[in-house]
Structures are given as structure tokens and as C-alpha cells.
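Here are my notes for you, written to be read with the model open beside them. Take the points one at a time and find each residue as you go.

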Amino acid sequence: MILAPIALFAYNRLWHTQQTIEALQKNELAEASELFIFSDGPKSQEDTEKVLRVRGYIEKITGFKNVTITKRHHNIGLANSIVTGITEIVNNYGRIIVLEDDMVTSPYFLKFMNEALEFYEDDEKVICIHGYMYAIRAKLPETFFLRGADCWGWATWKRGWDLFEQNGSELLNEIKKRKLQKQFDINGSYPYTKMLENRVRGKNDSWAVLWRASAFLKERLTLHPGKSLIHNIGNDNSGTHCKVSNIFDTEIANRPISVQRLPFIESSFVREEIERYLKSKKASFITLIINRIKNFKWVRIAKYMKEVIKDLIPPLLLRIYQRTTTNYGFFGNYSSWDEAKKVSTGYDSNLILDKVRDSMLKIKTGEAVFERDSVVFNTIQYSWPLLAGLLWIASKNDNKLSIIDFGGSLGSTYFQYKNFFSNLDDLKWSIVEQSKFVTCGKEMFEDDQLRFFYDLESCLEQVRANVILLSAVLQYVENPYLFLEKIINMDFKYILFDRTPFLEKGKDRITIQKVPPCIYTASYPAWFFSKEKFLNLLSERYKLIAEFDAHDKTNIPSVFKGFIFERAE
């Protein structure tokens, strides 16, 4: 592994610099690393003595492979010092680890930085490795990506630093042009846009907000640790740009952070936790309202009061409200599928795939335990009859289960029940889905047990399945009875249905399902079936083993059912 050079930027704070160096010396890779220290010149006569004391200390530093010191004769400012220093190092070495004189590191900081630099060196999507993380109470993944770049104990490559844009006006105009202010500010939880505006107006000298904006607009990602490797000791009013604050206090990791391959997407879970943490440090609800009233004209108070309240309503309460309102659910009694389809948005939207993918990644990485219809939950809601049916089928097949999960999304049911299948001698779970889902599934979720296929025919060419599962899928098939006949003719040993809607009385009905925006904005045709007609179609070739109720509820008089069928010999 090629160890990156360390660039440390110091000024006039002797105690802070000592703490930073002493912690860095305890890193296991320190003795093999080259350290470059950039000492800015004094701003005034008063600062001269302080700067000289710092320089007297850094000239005696040991514990590194080499120590190279650059002393500025005049004060060029923090931003200029950092930008010129980083540019010099990356142009010569191709990569860099950056610290300022108030960053106390974990003993495992250099290990994480160097391993991540090596691991993601050729991945253009990754622009930065970061060492700091807020003191968030929720359990975070070992590592994760966030959009943009950060500045408290970080590393990058020349290819990443080449994207750094120093023209703040261009960055600010692009953010406003693309209406990204809220996203750039982590949903309004931290005033990055205001910082950038002040940078443009000359009210601050922040290079970091330029770095963050440059990476953010290029849609690049930064790798973060779930446990902080950095504690910033500079928020004590001793620095030029940092005032007294304890909201950034955190405990540093006392163990190594492992670097592993991750999908190149931002962790929405962590972003939301950061937003929640930062907002919890803000003023109280009443103070927020008062500030809104003070800062805006009376004619706009109602609008901003609505925004404040919406931001502070817990997402769960908002979801309950939206699900109980009459605007969402199943509506209409259409004469044909085409008629309903014309007034629907459809199910093949990229938005739906993005929401489902993000939710399933939380399940895969352990950020959540259960997903349904792209909504994540902290507890799993099981269909015990379905699980019993699958285990019963496995028991009749030498403790082996090979299942085709038709319309199985990105593995919702598989991840829901996989722990119960750990004692099976063999498990093969094959999902047949829309092409977009299959492509995503193959890239991010497929493994030896879970596989994805574009159609039933190609799946059956490669998989000998003893059961097909249709869970919450038959109602979204345009010609469900023709599809059922196709399934029956494929001669599966077992057919399982779950979460399938049946009318309490009457014939089949075509409706439009309108999805609450808290899940995603969409609408699509959906069937409600005649139970008698449904059972009659299957009764000639299959024997009904079990019938059970599903958990789903809706606004139409109906019941969601599950069935286990075995082929009649």
C-alpha cells in the first residue's frame, strides 16, 4: 500500500498543534508516513510571538518518516494556505491526507485514510475520504457515502482536487439555478448556502464551503466512518473561523474502521440522522416561529409557519395522516385496463425504483430491518402462514427450497424471511421483475442465494424451482387470468399467493391505486378479484392446502388473502 503524505496546516495555536501532533504520532502508520507542515505567517505584531512558538515546536517533531516544514513569511490566510499547500502536494504525490492544527485523531485514522484511498483510487464517483462524524445516537453503518465533500480530517486524490472550483459566484449561481439550496443545506439543517453567499461577499474566507459545493454540484461522494476518527478541539473561540460550540463534540473510535465495497449512492438514512441531529441543536419550536415572524413580512407568515410545522412533525405521524386521508387508496370501477392506465402514471417510474433501492440498501446494510412498498420499518411484520407454507414445502423436498418470486422487487420477501431459512440444506431465491429492477438487483443485491431474471422463461432455463410465489403482484398484471393459465401450464409443484385483494361480493373490478406522496408519487391500475372465479380457475389442476388472511387493508370493501396450492397428482 502506498502511504499518502500528510499535510498539516498550522498558525498560532501552540497547545492545539501539540494535541494534534501527539495524537497523530500514536497512529500505527505515522512512522512510515511523510508529514508536511505549512506554517502561515503572522497577521500582526501581536501574532508574531505566537507563530514563532508554534514554529519552535514543529521544528523538533519526530515520529514520522520525514517532516518537511514550509514557513510563510507573510500571512496569506487560511484558505490560500490550504489551497496552495494541497495543490502542491497532490501534484507531486497524486494523493493527500489533510489536517488542520485542531484535529485530534484516533490511532486508527491514518489506517482508514490510506486503506480507503487505495481501495477507491480508481472510482471516479468517490471524491473524498472523511474522518469526522457527529455524535449521533442511532447506530450507523461501518462506512457510508454522503454527497459532497467535507474538511475535518480528510483525504483525496489529484483527480478529486482537480474538481475544486475557487469561483464562489459560479458555484452559488449554479446551486440557485438548479434550486438545490435546501438539499445543499441538508434539508435546511445547516446554513451552507449562507456560508457560500458570505464567502462570495468577502465576509468569510472559507475554502471548505467551496470544496463542499464543488463536489456537491459534480454529484461526487465522500466516504465517511460510522464512528468518528476525529475530534475537533478548535471550537473554543481560539481559531479565526470557529467560535465556541459543543454541537460538534464527539468521541473518537477506539477500534479500526474496516473499508469495504459499497454501492455508489448517498445513504439517505445517515443524511436524515444528521439532519435530525443538527435540527435538535437548533432553537426550540417557539423560537423558530418567532424568528420566522421577525424575518419575513406578515403576508408570508402563513407560508413559513406551514413549513416550520411540516419540518417538525415526526415522519410517522405525517405518514399516518396521509394514509388515513381520502385522497389515497383505491378508486374507480373502470371498464378496461387501458382506460385506467390512461389516467395513471404507471409503475415503471425511475422514482419508484430509486425509493425501493434506497430502502433495500438500508435492509442490506442493517440500517433498518424491514421494507414494504419502499417504506422501511424497525420491526418486521411477518406473514406466519406464508412462512409455514415455505418451510412445509422445504420439508417435503429434502430440506431444500428453490423459489421463483414473481414481482419480488429487489428481494423484499427474501430479506424478510431469510433468517428462518438458515438451517435449510439449500436455498435458491430467484426474482423475476421489470428490467430496471433486474439490472439494479444484479448490480447491488445478487449473491449465491438471491438471483434476478428478466422473464420466467429464462429463469426456468437456469433454475429448477419447486414453488412460485406471487405476493402483492397479481393485482397489477394487465391480464391476470391469462397469466394464471400460463403459470398453471408451467406445472409448478406449488403455487403460493399472498396479499392478493378479493371483493366481498360481485365481479372483478379494475381500480386505480393512488400512492401517498410520503411513499412516492404514483398511481397505477389495480384489480380486485372475485374469489369464486379465482379459485375455480386453479381447482382443476391444483389442490388448495391452506387459505389465510393478509395484513393489508384498503378503502374498498374487500379482504386481502393468501393461498397455498399443491399440484394435484
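The points below go from the whole chain down to single side chains.

1. **Before you start.** This is a predicted model, so to speak of a local feature I need pLDDT of at least 70, and side-chain atom pairs count only at pLDDT 80 or more, while totals for chains, interfaces and linings use all residues. Residues are numbered from 1 along each chain as its sequence is written, and side-chain values use heavy atoms, with hydrogens and water left out.

2. **The whole chain.** You'll find 21 helices and 22 strands here. Both are DSSP runs numbered from the N terminus: helices are H or I with at least four residues, strands are E with at least two. Of the 569 residues, 50% are buried. Buried means under 20% relative accessible area, exposed means over 50%, and partly exposed is in between (1.4 Å probe, protein chains only).

3. **Surface and contacts.** The chain exposes about 27,600 Å², and carbon and sulfur atoms supply 49% of that. These areas come from the Shrake-Rupley method with a 1.4 Å probe; for residues, only the protein chains shown count as cover. Now take the contacts (heavy atoms within 4.5 Å). Among those between residues at least 6 apart in sequence, 77% join residues at least 24 apart.

4. Have a look at the open sheet with strand order 11-19-20, where the pairing is antiparallel. Strand 11 (329–334) and strand 20 (522–528) are the edges, each pairing on one side only. On average, neighbouring strands in this sheet are turned by 30 degrees against each other, direction ignored. That angle is taken between axes, which are lines fitted to C-alpha atoms (for helices, over the stretch in contact); in general such angles run from 0 to 180 degrees between N-to-C directions.

5. **How two of those strands pair.** What holds strands of a sheet together? They pair through backbone hydrogen bonds, either parallel or antiparallel. Strand 11 and strand 19 (residues 509–515) run antiparallel and are joined by four bridges; two strands count as paired if DSSP finds at least two bridges between them.

6. **Asn27, a loop residue worth a look.** Asn27 sits in the loop between helix 1 (14–25) and strand 2 (34–39). Is Asn27 buried or exposed? Its relative accessibility is 3%, so Asn27 counts as buried. Leaving aside neighbours within four places in sequence, Asn27 is in contact with Thr105, Ser106, Pro107, Tyr108, Phe109 and Leu110. Ser106 is 79 residues away along the chain, yet the C-alpha atoms of Asn27 and Ser106 are separated by 7.3 Å.

7. **What the Asn27 side chain reaches.** A polar atom of the Asn27 side chain lies 3.1 Å from the backbone oxygen of Ser106. A polar atom of that side chain also lies 3.1 Å from the backbone nitrogen of Phe109.

8. Glu273 counts as buried because its relative accessibility is 14%; Ser268 counts as buried because its value is 12%. Not counting residues up to four places away in sequence, Glu273 touches Ile136 and Ala138, and Ser268 touches Asp358 and Lys362. The side chains of Ser268 and Lys362 also make a polar contact at 3.4 Å. A polar contact is a pair of N or O atoms within 3.5 Å; within protein, one must be able to donate a hydrogen and the other to accept it, and residues adjacent in sequence count only if both atoms are side-chain atoms.

9. **Salt bridges.** How many salt bridges does the structure hold? There are 31, each being a side-chain nitrogen of Lys or Arg within 4 Å of a carboxyl oxygen of Asp or Glu. In one of them, Arg53 meets Glu49 (3.0 Å, N to O). Both lie in helix 2 (residues 45–58), four residues apart, about one turn of the helix. Arg357 forms another with Asp358, the closest N and O atoms being 3.1 Å apart. There is also a network of salt bridges linking Asp491, Lys493, Arg541, Glu566, Arg567 and Glu569.
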